[in-house]
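Here is a quick tour for anyone meeting this protein for the first time. Take a look at the model, then read on.

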Amino acid sequence: MSSRTVFRAATRLISRSSPLTATPLTASVQGRWSSVRGVASHVRQSRDARQGHPFLPGDWLCSGCGSHNFGRKDECRCGAHKENFTKINSENLPAPTGPYSHAVKTPFAVFVSGQLPADFQGNLVEGTIRQKAEAVFKNLQQVLVAANSSLDNVFKVQVFLTDMKDYAEMNEVYGEWLPHKPARSCVAVKELPQGVNIEIECIAMPGPTVREFRGPSNSVPSDT
């Protein structure tokens with residue numbers, strides 16, 4: 001329904017009820033005019049939603065392909081069902097030990113759960129904070145690749161340390177793996193799961209994976 005059609009309909013309603021004078025409209029005409037305005041508003045909102053403007057109540061965005069689906073649909077054309085996010089678990093890492101996923105993916109961001117200094121078999125890494133931090137970044141990288149993203153797309157990082165004396169050495173490793181300097185918080189905590197002294201989580205933009213893994217050569221497997 002075009003705006004011209006709405007205007008003509010409103011004009012007909014008003015002309016039937018009262019001449020166009022300076023006197024206030026009757027309650028009947030005001031009620032009809034409000035109904036017409038409501039229809040016009042709904043038409044405009046529907047049009048805006050289809051042009052990328054804010055959604056109408058009940059509309060949803062597919063976390064699989066990013067398509068805009070309207071409230072009457074419970075399944076996207078790509079086959080994905082209506083949900084707010086997609087759960088991600090990397091096949092190269094041990095399954096999560098609790099009621100959580102390695103990451104969750106929305107059309108706008110990938111939220112990666114905190115990763116511990118463990119190898120791909122789940123064994124905790126012993127050694128310096130550098131060795132442990134590198135193990136953490138390898139795990140973060142594996143999760144991001146599983147979500148079709150990469151460390152290049154990370155824009156927010158949260159670092160947890162049990163001893164701030166490790167801060168400087170952790171920073172050295174951090175700069176090697178994330179040279180684009182995303183936003184970051186680093187906090188000291190009393191303790192971390194399994195008695196480790198470092199844990200890192202991050203948020204990244206969805207996007208294609210990088211061709212080569214970051215980090216020292218031969219430190220992580222190839223993604224080819």
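## The overall layout

Keep in mind that this is a predicted model. The protein has four helices and eight strands. Reading from the N terminus, the order goes α-α-β-β-β-β-β-α-β-α-β-β.

How much of the protein is buried? Of its 224 residues, 33% count as buried. The exposed surface comes to about 13400 Å², with carbon and sulfur atoms supplying 52% of it. As for contacts with a separation of 6 or more, 58% join residues 24 or more positions apart.

## A look at helix H3

Helix H3 covers residues 129–146, and its 18 residues should span 26 Å at 1.5 Å a residue. Its end C-alpha atoms do sit 26 Å apart, so the model agrees with that expectation.

Is H3 mostly enclosed or open? Of its 18 residues, 14 are buried, so the rest of the structure largely encloses this helix. After H3 comes asparagine 148, with a positive phi near 60 degrees.

The average pLDDT for the protein is 76, and 55% of the residues score at least 70. Strand S8 (residues 198–204) has the highest confidence, at 97, while helix H2 (residues 27–50) has the lowest, with a mean of 52.

Two stretches call for some care. Residues 17–23 have a pLDDT below 50, and this stretch makes three contacts in the model beyond near neighbours in sequence. Residues 217–224 are also below 50, with 17 such contacts.

Conventions
Residues are numbered from 1 along each chain as its sequence is written. This is a predicted model: local features need pLDDT of at least 70, side-chain atom pairs count only at pLDDT 80 or more; totals for chains, interfaces and linings use all residues. Side-chain values use heavy atoms; hydrogens and water are left out. Helices (H or I, at least four residues) and strands (E, at least two) are DSSP runs, numbered from the N terminus. Buried means under 20% relative accessible area, exposed over 50%, partly exposed in between (1.4 Å probe, protein chains only). Contact means heavy atoms within 4.5 Å. Accessible areas come from the Shrake-Rupley method with a 1.4 Å probe; for residues, only the protein chains shown count as cover. The expected span of a helix is 1.5 Å times one less than its number of residues. pLDDT is the predictor's confidence in each residue, from 0 to 100.
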